[in-house]
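Okay, thanks everyone, I'll keep this short. Let me put the structure up, and then we'll walk through a few pieces of it.

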Amino acid sequence: MAACARLCGVGQSRRCRRRQRHSQQDQDSDSDMDEEEEERIVCSTQAEAAASPPDTRLSASGPAAAVGDLGTVFTGADADRPRVGSSGSGRQPNSQSLVELPPELLVEIFGLLPGTALPNLALVCKKFRQILNTETIWRRRCMEEFGLKGDPCMMEQVGVSSWELYTRRVQPSVASRRYVKVLPDCERADYRKLYSRILHPYRHVLGLWQPDIGPYGGLLNVVVDGLFIIGWMYLPPHDPRVEDPMRRRPLFRIRMLGEDKAAVECMYGHRGPHRGDIQTVKKDEFSTKCNQTDHHRMPGGRQEEFRTWLEEEWGRTLEDIFHEHMQELILMKFIYTSQYDNCLTYRRIYLPPRQPSDLLQPGLFKGTYGSHGLEIVMLSFHGPWARGTKLTGDPNVPAGQLTLDVDLSRPVHLPDLESQWSMDELSRLVLAVHEQVLHDSPSDPSSLDVELGAGGKEEQMSGASAQGSEVPPAGAPQERQNFVLPLGVMARNEVYPRTCKICFYGTGLIAGHGFTSPERTPGLFVLFDDDRFGFIWLELKSFSLYSRLTDSLPYAQAPSMERFEDMLRSMQSWTS
């Protein structure tokens, strides 16, 4: 109690002693009331409280409602003046205003209010303003509203491990690798300034975003990391290790500069943090700009920058890549992405919501795409269809396009293990289903409308779905069956599961360079387990293996299925 009294500035001041004397005099003047009169007043008070509207009574379930009216009851000038009827025979001995509550109780009540309401609450009176300087209140707001965990000075507890505090820097003149620290040493945490200068003003940039880098796209996750807001660019593992964890690279950060100012810093390049800027373009869209692009350059020039980028992006040197076409694709990507090192625009994306009928948990997966390396795909479910949308792309099929479209009402029963080695047998099974789709659908499946909610494909294939087999219920036990890739099918990763749960007919999107002549070709969707699936492209005689991305992605859940489908339509329009 004594600590709380000193914290809020009450207890040992002349005003508090004078207030205590007034309170004692009021109690002495009321002590001569007879029991009948006191009982009458108490009953009258209870009757008035019961008759008053619920939003005007203070209750444990709604402290904000009671505090919301304080601005009209108390002001900074009259908060310390006795109110009319506060003394004498009209005093109600059992009534108590919010101002008269103990400081430690007020700290607990104020900690339940949203942070945006606290500045207005501080205008009520001096006592409230002093109590609202308590770090406990603002720490609770940072934790509940922005997911701040533990002590922000202990970066290990908030998902930033020791190796992530440093970014690799290659010195041309030194054979060994050197490292530059990404995050400065953490100083004493001021939760109120952290909330008011960083977390609340920049709350609109938190979440999952797709950078506008032409056909390549990307995945940016902006999160609260300790005393900072950091934008992490997620990179797939090196090809073909699809089951390895994602790699992360910081692109920008927002931190306190001095006492009352927030600073945006660009993290791109190999010379440490430098000045940057963030601008909100429109709703669900923002852009970053680097103000010191010379920090992106390396002493060895573009050739040294390319070698460093190649080692980080692919984990190898150009001499290790013998395929000439793959060398051209890599060089093309470096030249294209280098144009966006000073300014980037990001558009918000959501994770697909899960529904009880979904075959497995929707989400993000890493998949192999031949010479293009590993790419990130978002798997979502829409009734009897499962759809894979590219978050990262390539010059043939850019990011945002529907790479996989699986009809869950058309399962494919695999033959015995010996027959699975034959590509002709697999083609016969899949093409038989494909012919049935052509028969049931009046239009050419290569020109089917793949946009969600457009009424094209859903209406055209509703009859086919009704005639197909039932989709197994989610979570229902399924007998596993042996699986092997047919001879002649190319696979970037020879290590794949040898048993599967179920297979379905589907189509995959292929196109020429520059997304020319796109068409959907039949294939086989293979569900291995809850975290892995594959797709056999019949025309390409190629196999893609997909593995779930298991990283924690806060602030990314879609508000509703309608908002998620609107986002998918927008993604397709960005690169169409």
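Predicted model: local features only at pLDDT ≥ 70, side-chain atom pairs only at ≥ 80, totals over all residues.

What does strand 4 pair with? On one hand there's strand 3, residues 207-211, antiparallel over three bridges, with G207 bridging to V222. Then there's strand 5, residues 228-235, also antiparallel, over six bridges; there, V224 has I229 as its bridge partner. The hairpin of strands 4 and 5 has two residues between the strands, and G226 in that hairpin takes a positive phi near 65°.

Now the helices. Helix 9, residues 135-146, and helix 10, residues 191-199, have axes that come within 7 Å and cross at roughly 40°. The two are therefore oblique to each other. Who's touching whom? From helix 9, the contact includes W138, C142 and F146, and from helix 10, Y191, L194 and L199 are among the residues they meet. By class, that contact has seven nonpolar, five charged and no polar residues.

Last one: helix 11, residues 301-314. Its 14 residues reach 20 Å from first C-alpha to last, close to the 20 Å expected. Buried residues in helix 11 include F306, W309 and L310, but also E304, E305, E312 and E313. Just after the helix, G315 takes a positive phi of about 70°.

Notes: Residues numbered from 1 in each chain as written. Heavy atoms only, no water. Axes fitted to C-alpha atoms, helices over the stretch in contact; angles between N-to-C directions. Helix = DSSP H or I, 4+ residues; strand = E, 2+ residues; numbered from the N terminus. Parallel < 35°, antiparallel > 145°, perpendicular 65-115°, else oblique. Contact = heavy atoms within 4.5 Å. Nonpolar A, V, L, I, M, F, W, Y, C, P; charged D, E, K, R; others polar. Expected span 1.5 Å × (residues − 1). Buried < 20%, exposed > 50% of the residue type's maximum accessible area, 1.4 Å probe, protein only. Pairing = 2+ DSSP bridges.
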